[in-house]
Amino acid sequence: MSASAVAGYRFDDADLPASPVTQEELDHLRTTLLFSEADERALRRAWEILRDQVEQILDVWYGFVGSHPHLVAYFSTPEGEPIAGYLAAVRPRFGKWIEDTCTRAYDETWLAYQEEIGLRHTPARKNRTDGVRSVSHIPLRYLIAFIHPITATIRPFLAAQGHSQEEIEAMHQAWFKAVTLQVALWTRPYGPATW
Ligand code: HEM
């Protein structure tokens, strides 16, 4: 899947502004998370397992959001009517994000897109990519709380190909750290002064 194949997915877009986050700040976050090169290798192995299961993973995540009206609300009009085209438009970007989380180097290009994804959850950019009339932002508390379901639900997919418990655990921990690292970066646009 190339970046251009996914509408609105702007990883690698040279027009995207550089992230205000420095490499040193990123390094400190990685150190705080105990995120090591072994975790990067575990993520690469995880992608080999997850790559054929992306649609099923997205079904689980969409099922989770869909079964909670307070979460569907963020894919809905301010009056509370779900916007099917919005849910459908974001889905392939979510899929590409699974791949990029596992496979990409966490460099300047990656940092720039982290800032963009964060912004897309805030009033600054939500709804713009898909031109929808939805609510203004995702509350920060839900971004943080969502780390758990996004992590817990990936484990059965990592375990689907008969790897050892030790190997599954290593990939799962690496996934948990990678998601937490990204959400930590996405909190920046919510409150730059205190980030
Ligand atoms: C967009 C991941 C939390 C609702 C996205 C995208 C990704 C993502 C990868 C697509 C970014 C792009 O456009 O390329 C995550 C992760 C979360 C999280 C990993 C937490 C661990 C939430 C929560 C909600 C939510 C709690 C509320 C239901 C949305 C919406 C969009 C979006 C509505 C589309 C934003 C737009 O208009 O561009 N998210 N998300 N997200 N997410 Fe999240």
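**Helix contacts and the ligand shell**

In helix 2, residues L43, R44, A46, W47 and L50 meet I98, E99, T101, C102 and T103 of helix 5, two residues being in contact if their C-beta atoms, placed from the backbone, lie within 7 Å. Helices (H or I, at least four residues) and strands (E, at least two) are DSSP runs, numbered from the N terminus. The residues of this contact between helix 2 and helix 5 comprise 6 nonpolar, 2 polar and 2 charged; Ala, Val, Leu, Ile, Met, Phe, Trp, Tyr, Cys and Pro count as nonpolar, Asp, Glu, Lys and Arg as charged, and the others, Gly among them, as polar. The axes of helix 2 and helix 5 come within 7 Å and cross at roughly 145°. Such axes are lines fitted to C-alpha atoms, for helices over the stretch in contact, with angles running from 0 to 180 degrees between N-to-C directions.

The model is a predicted one, in which local features need pLDDT of at least 70, side-chain atom pairs count only at pLDDT 80 or more, and totals for chains, interfaces and linings use all residues. Residues are numbered from 1 along each chain as its sequence is written. The protein chain has an average pLDDT (the predictor's confidence in each residue, from 0 to 100) of 96, and 98% of the residues score at least 70. The model's ipTM is 0.99 and its pTM 0.97.

Helix 2 (residues 37–50) also approaches helix 10: their axes come within 8 Å and cross at roughly 105°. The two helices are therefore roughly perpendicular to each other, a term for angles of 65 to 115 degrees. From helix 2 the contact draws on D39, A42, L43, R45 and A46, and from helix 10 on A170, M171, A174, W175, K177 and A178. Its residues divide into 8 nonpolar, no polar and 3 charged.

Around the ligand stand 25 residues, of which R93, W97, R120, Y142 and F146 come nearest; a residue counts as near if its C-beta atom, placed from the backbone, lies within 6 Å. Helix 5 (84–103), helix 6 (108–120), helix 7 (140–145), helix 8 (147–152) and helix 10 (165–186) each supply at least two residues of this shell. Helix 5 gives the most, with 4 residues.

Key:
Angles under 35 degrees count as roughly parallel, over 145 as roughly antiparallel, 65 to 115 as roughly perpendicular and the rest as oblique.
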